[in-house]
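Please look through the model shown below with the following questions in mind.

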Amino acid sequence: MFFNLMIRNSKRNRKENGLFFSSLIVSIIAFYMILSLSRQDVMIFLAQMENDAVNKLMGMIPVFYGMTLFILFFLIYYASKFQLERRRHEFGVYLMLGMRRRRLFALLLAEDLRNSVISLIIGLPSGLLLSELTSLITARMVGIGIIRHQLSFSLPAALWTSIGFLLIKFTAFLILSGKISRQEIGSLLVETPDGAKRQMPAFTYAVSILAGIFCLTIAYAGAIQGEAWTGIWQMARTLVLGIFGTFSLFWGIRFLIEIVVRSGNRDRQLHVFNFRQIQENVVHRSGSLAICSILILAALCCFGAGIAISRFYGESEQHVLDYTFKNPENEKDTMVIRQILADHRLDSRFSHLFEMKTGYIRTTEDTEHALQMKPLLAALRDMPPSQDRHVLLYNLEQETFPHIMSLSGYNQLLSAASLPELTLAPNEAAIYMDHEYAAYKRKKLLDNILKTRPEIRLDEKVFHLTGTVQTTNLVTDRSIALSFALILPDEMFEYYTQGDYDVYLNGILAKDETEDTSLLSAISEMNTQLNKTGLTYESYLQNIGRQLFYMVAASYITMYLAIIFLIISNTIIGVQFLMSQQKSSRRYRTLIRLGAPYTTLCSSARKQINWYFGLPIVVAVFSSLFGVRSLLAGILSSRAKSSLTEIMIVSAAMILALCVIEYIYIVTVKRSSDRFLLKLMVPEREE
């Protein structure tokens with residue numbers, strides 16, 4: 001009998017509290033995905049390329065895990081309290097029929113344990129599937145394909161997920177079950193309404209709204225301008241203003257609701273009743289609504305900024321070269337490298353092998369005046385003032401002894417990248433800037449000036465700058481990252497370097513090497529062969545590793561936090577509304593006795609849900625437009641900030657996607673509300 005009752009109650013609880021049960025499953029999936037990160041193919045690959053960075057990331061995982069467990073405990077406690085409050089009358093009846101309190105306590109714990117185990121049975125396989133799928137998608141985003149992928153179940157991740165989840169679930173329900181089982185029968189059978197809240201003058205609430213808007217404006221203005229990122233105190237001030245502004249806004253928002261009630265069409269069915277219900281809920285729970293809005297804002301910012309940043313790093317690097325070799329004796333002749341490759345029968349596996357020569361001006365020792373660009377700087381000063389112009393002007397004024405490179409080597413690089421080659425007369429030069437330093441707007445400024453063929457002097461010899469700013473990477477990875485350099489015809493390069501320069505041999509794998517496998521597999525296999533030759537080289541693996549680390553760090557962590565924040569905020573809002581609806585059941589029964597049909601009651605409740613969810617969501621979505629911009633202003637590099645518009649567009653798309661998830665939550669709560677109202681339509685005995 002006991003077990004049959006426990007199973008029946010467990011099934012009913014899952015059905016009636018589908019929102020909470022689904023939230024727990026999503027939490028389990030998120031826990032498993034973040035804890036199993038080290039076992040995924042992407043992280044195993046990253047550990048070989050970016051070991052220190054990966055170790056630091058893995059060291060942060062327990063912190064995120066512990067923090068979210070702590071936060072999730074309060075969600076489970078609050079939602080479980082709502083579930084038990086809904087069943088108070090049922091528990092009172094059990095006690096009246098002779099059930100002992102210890103047996104009632106055991107019944108509640110058994111029901112909760114059964115639902116928790118079912119959640120784990122559903123959540124862990126789903127987490128395994130999604131973690132593998134996410135790993136493959138992340139790898140695909142950087143073009144490395146499926147590389148010897150094997151399904152990997154992380155037993156430690158599953159154990160820690162189960163232990164953490166069951167621990168907080170058991171602790172929360174242990175406290176609540178103990179409280180319920182100790183209550184007197186009379187108190188269980190009688191509903192306890194919310195206490196009355198003191199009402200302030202309408203002017204006070206209006207001032208509160210204005211104060212909230214003012215504080216939020218100051219907070220976002222400081223964050224967007226970068227002031228919040230200059231120090232701890234500035235960041236603390238911004239956060240305090242933002243949090244205080246949100247609480248103040250929600251505390252005073254009842255003033256706006258009052259205006260809507262008075263200005264609305266009173267002929268509409270239950271119009272005043274709807275907004276009085278909403279107003280009462282806001283009065284009683286303005287603080288929790290403000291917290292939920294902040295959590296939704298955090299989720300939108302994490303998801304929007306994280307996905308946009310990961311996408312930026314996944315697409316920002318142009319892949320041209322696969323290998324760069326450096327002569328160990330630093331000789332100018334690369335025939336030694338070519339001969340070693342030929343001896344090991346590796347030269348035929350490259351479609352391109354060409355030299356890249358770089359050096360300094362050696363015809364003068366006056367490093368302060370080796371390069372003079374007065375016409376170029378003057379043209380730049382004449383342009384409209386802007387931050388990019390200021391930065392570019394400052395950087396170019398420091399360039400008095402630049403790197404120079406040979407035209408022939410760079411043209412071979414352009415040819416390999418399927419880009420038009422440069423043509424330079426003996427008295428012409430082109431500007432090169434590494435992609436890291438050539439922000440889009442700065443490059444555009446220089447390109448406009450280069451159309452006028454400005455004059456420069458190299459060791460008193462006159463040259464004219466021509467073409468556009470070149471940004472194609474000189475080598476495979478980061479051996480050379482030049483903020484500014486000049487491309488010269490080969491004869492001029494030999495003259496100015498006086499034979500004192502560095503030579504790199506760049507290589508591109510033949511197409512047949514990557515036809516039947518992924519690029520990563522081909523490079524990995526080639527690395528194994530090259531390691532036997534003793535050559536010093538860099539491969540595209542380092543570049544992939546760096547990009548992939550940024551993508552994983554940005555997407556995995558931010559998605560994890562966004563999911564947790566969304567679960568907590570939406571579940572709290574939904575549970576609060578359903579709880580308030582239950583406490584208002586007498587009002588709905590009165591409406592039913594007065595002749596209100598079921599469809600009218602459902603329509604009324606749905607309008608209340610739209611407002612109750614809409615208030616924190618609208619505030620969060622509006623704030624996220626500034627919050628994401630503020631977040632990006634503080635964490636993006638100068639190169640990434642040049643693509644801020646594109647990143648913001650991606651962020652806006654991600655925010656829109658989360659709004660769809662919010663809609664799903666709203667629909668779920670509406671269905672729960674409809675089921676509750678349907679039960680009220682059946683007359684019940686009241687003790």
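Q: In what order do the 10 strands of the open sheet stand?
A: This is a predicted model, in which local features need pLDDT of at least 70 and side-chain atom pairs count only at pLDDT 80 or more, while totals for chains, interfaces and linings use all residues. Residues are numbered from 1 along each chain as its sequence is written, and side-chain values use heavy atoms, with hydrogens and water left out. Strands are DSSP runs of E with at least two residues, helices are runs of H or I with at least four, both numbered from the N terminus, and two strands pair if DSSP finds at least two bridges between them. The pairing in this open sheet is mixed, and the order is S3-S6-S7-S5-S8-S4-S2-S9-S1-S10.

Q: Which strands stand at the edges of the sheet?
A: An edge strand here has a single partner strand, so one side of it is left without a neighbour in the sheet. The strands in that position are S3 (371-372) and S10 (536-539).

Q: Which residue of S10 stands opposite Phe-325?
A: Strands of a sheet pair through backbone hydrogen bonds, either parallel or antiparallel. Strand S1 (residues 323-326) and S10 run antiparallel and are joined by 4 bridges. Opposite Phe-325 stands Tyr-537.

Q: Is Asn-527 buried or exposed?
A: Asn-527 has its place in helix H20 (residues 519-530). Leaving aside residues up to four places away in sequence, Asn-527 touches Tyr-323, Tyr-537, Ser-539 and Leu-541, where contact means heavy atoms within 4.5 Å. Because its relative accessibility is 10%, Asn-527 counts as buried.

Q: What distance separates the C-alpha atoms of Ala-510 and Phe-350?
A: Ala-510 is found in the loop between S9 and helix H19 (511-514), and at 12% relative accessibility it counts as buried. Ala-510 touches Arg-349, Phe-350 and Ser-351, not counting residues up to four places away in sequence. Although Ala-510 and Phe-350 are 160 residues apart along the chain, their C-alpha atoms are separated by 4.8 Å.

Q: How do H14 and H15 run relative to each other, roughly parallel or roughly antiparallel?
A: Axes are lines fitted to C-alpha atoms, for helices over the stretch in contact, and angles run from 0 to 180 degrees between N-to-C directions. Helix H14 (residues 374-381) and helix H15 (residues 387-397) pack at about 165 degrees, with their axes 10 Å apart. Angles under 35 degrees count as roughly parallel, over 145 as roughly antiparallel, 65 to 115 as roughly perpendicular and the rest as oblique. H14 and H15 are therefore roughly antiparallel.

Q: What share of the 687 residues in the protein chain is buried?
A: The protein chain has 25 helices and 10 strands. Of its 687 residues, the buried ones make up 52%.

Technical notes:
Buried < 20%, exposed > 50% of the residue type's maximum accessible area, 1.4 Å probe, protein only.
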